[in-house]
Amino acid sequence: MPLNRRHFVFGALAAPVLAATKKRAVAERPNIVLIVAGDLGAYMLGCYGNSEVRTPNIDRLAQTGVRFQNSFSCSPVGADQSAFAAAGYNCGRSNSAAQAGEFLDAQAPAKPFFLTVDWPSPNAVTAPQKNVDLYAGTGFETVGWDAPAANGTRQEMLRDVRGNLRKFAAALSTLDEQIPTLLAKLQQRGVRDNALIVFTSNGGYLLGRHGLWGDATASDPVNLYEEVVRTPLIWTWPSRFPPQTVRNEVVNSYDLMPALCELAGVAPPAGSHVPSYLPFVYGRRLGKKQSWPDLAFGRIRDAEMARDDRYKLILRKQGKGASELYDETADPKEQTNQVDNPKFVIMRERLTGQLKAWRGVQKAGA
């Protein structure tokens, strides 16, 4: 059963992480195109190291802009455009390049716009034969998968992992082909130079890794593996942001709207964590008294996650159920659970305390 991603709750500790500059420049009012992909983990893209799935247009966005290496996502992403509408933006949503073109054709040159393009899951896309043929001989050995897990909820998809991977990859390449059409329309309308494009995802998908197929509900109990929670985040505005830039700070989808609001001089939505991570996009250094927490938190059902720039802790039933601790640097495929390893007790206790503090902030804001 597809995951209702509204059950995801991601956030950051309510702590001041970036002090406002004393002399803030007048905010620019760019046109904004936010592309939100469904069921797309960062590991499926070439710009994140995948050598077998062809996504040249997404990869080109990363080459011309800023790519966040450690972005964690929840839904809805960019759903609240009300603050931009109140500030004079024309706001709209589409789910295809054709619909996006209709919206762009209706825009007046003097008024900025904010367009969200919701890509469907590749599972819901029928690829043309030419894209199916792209993967006829692809073995996906570097992507890799594991033997079916006993707690998997979609065992039928694991009977032919390679064949199903080919279908998923062909559909993803089909979606990737929408980007040149969108860029051409922006160029045609004369707004490409003043258009910020952000590419991200609502959440990832397990394609045989860990012996599972699907999102967080691919297993019982639910999982919070990297393939599910680590998603792409690319900001590209060639006239403003440094190209071919990689940022390693830990950010999550709740951090996105405050950064967009700060960029456009728009009041952020109520409850947003501010100041934002916008300085990272510009390639700026933080001041001596400024810091970024490098922490992401999440919850689905009775499972909670605390993720910093190296370690991930997963608690179930607030620590009363099965727990997991992974060293993402030494063990990026999360094969060895270190939660009971005495060598990691300090890290486990630190993340447990931070998760408890986050839980209290969430409860107070409920």
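Q: What makes up the secondary structure of the chain?
A: The chain has 10 helices and 13 strands. The model is a predicted one. A run counts as a helix if DSSP gives it at least four residues, and as a strand if it has at least two.

Q: How much of the chain counts as buried?
A: Of the 366 residues, 56% are buried. Buried means under 20% relative accessible area, so these residues fall below that cut-off.

Q: What share of the contacts links residues 24 or more positions apart?
A: Among contacts with a separation of 6 or more, 74% are of this kind.

Q: Which residues have the most contacts inside the largest nonpolar core?
A: They are Trp119 and Phe199, in a core of 47 residues. Strand 1, helix 1, helix 3, strand 4, helix 5, helix 6 and strand 5 each supply at least two of its residues. The largest share, eight residues, comes from helix 5.

Q: What makes a residue a contact of Phe199, leaving aside its neighbours within four places in sequence?
A: Contact means heavy atoms within 4.5 Å. Residues that meet this for Phe199 include Ile35, Leu61, Trp119 and Pro232.

Q: Which residues does the second core include?
A: Ile32, Val36, Phe84 and Val266 are among its 29 residues. This core is separate.

Q: Why are the buried residues of helix 6 said to line one face?
A: The buried residues are Gln178, Ile179, Leu182, Lys185 and Leu186. Seen down the helix axis, they fall within an arc of 125 degrees, so they line one face of helix 6. The face turned away from them carries Gln187 and Gln188, which are exposed.

Q: What covers the buried residues of helix 6?
A: The cover includes strand 1, helix 1, helix 3, strand 4, helix 5 and strand 5.

Q: Which residue with a positive phi follows helix 6?
A: Gly190 follows helix 6, and its phi is near 75 degrees.

Q: How do you know that strand 12 and strand 13 pair?
A: Two strands pair if DSSP finds at least two bridges between them. Strand 12 (residues 311-316) and strand 13 have four bridges, in the antiparallel sense. Across this pairing, Lys312 stands opposite Tyr326.

Q: Which way do the residues of strand 13 point?
A: Glu324 and Tyr326 point one way, Leu325 and Asp327 the other. All are buried. In a regular strand, side chains alternate between the two faces of the sheet.

How values were computed:
Residues are numbered from 1 along each chain as its sequence is written. This is a predicted model: local features need pLDDT of at least 70, side-chain atom pairs count only at pLDDT 80 or more; totals for chains, interfaces and linings use all residues. Side-chain values use heavy atoms; hydrogens and water are left out. Buried means under 20% relative accessible area, exposed over 50%, partly exposed in between (1.4 Å probe, protein chains only). A nonpolar core is a set of buried Ala, Val, Leu, Ile, Met, Phe, Trp, Tyr and Cys residues joined through side-chain atoms within 4.5 Å. The arc is that of the directions from the helix axis to the C-beta atoms.
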